[in-house]
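Let's walk through this fold together, with the model open beside the text. We begin with a helix and follow the chain from there.

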Amino acid sequence: MSAKILRVILDQIRDMAPETADLCDQAELLASPYMRPCEVLASAQLFTPMEHRMVNLLFSKIGRVVNRGAIMDGMFFDRAEPQPKVIDIYAYRVRPKLARMGYAMTTIPHVGYCVSAAGIGAASF
């Protein structure tokens, strides 16, 4: 099953049963082509549901900068939008967890964040 079809199915499930949103987020992360199986197993215990959303967004554009607006939209699409600084708090929590998995999270001030394999920097933008 392609990731696109899975995403459509998970979106339909979220719409029909909002209480399953966290489970759908985890399923979407598990299906991510950017995660190796050992990382998926480790990530299940590492990330909270909202951290999963952030990680999924960052891995969807691995090696490229994801701007703050896209992160806000992707993380809080089903909730009232919080203060923009909340992204920095989630980044603070996610960064060491990604480092344990062999990924580096780079902050691009006033722009957004980028995740890459450890030792490889963010792509120029």
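Helices (H or I, at least four residues) and strands (E, at least two) are DSSP runs, numbered from the N terminus. The model is predicted, so local features need pLDDT of at least 70 and side-chain atom pairs count only at pLDDT 80 or more, while totals for chains, interfaces and linings use all residues. Residues are numbered from 1 along each chain as its sequence is written, and side-chain values use heavy atoms, leaving out hydrogens and water.

Just after α6, G102 adopts a positive phi of about 95°. Looking back into the helix, α6 bends by about 30° at V94, with a proline, P96, following within four residues; the bend is the angle between axes fitted to the seven residues ending at a residue and the seven starting there. Among the buried residues of α6 are V86, Y90, V94 and L98, where buried means under 20% relative accessible area, exposed over 50%, and partly exposed in between (1.4 Å probe, protein chains only).

Which residues have the most contacts inside the largest nonpolar core? They are M54, L58, I71, L98 and M105, in a core of 22 residues. Such a core is a set of buried Ala, Val, Leu, Ile, Met, Phe, Trp, Tyr and Cys residues joined through side-chain atoms within 4.5 Å. α6 gives the most to this core, with 6 residues. L58 touches V66, I71, M105, Y113 and V115, not counting residues up to four places away in sequence; contact means heavy atoms within 4.5 Å.

Finally, visit the loop between β2 (103-108) and β3 (112-117), where H110 lies. Phi of H110 is near 65°, a positive value in a residue other than glycine. H110 counts as exposed because its relative accessibility is 80%.
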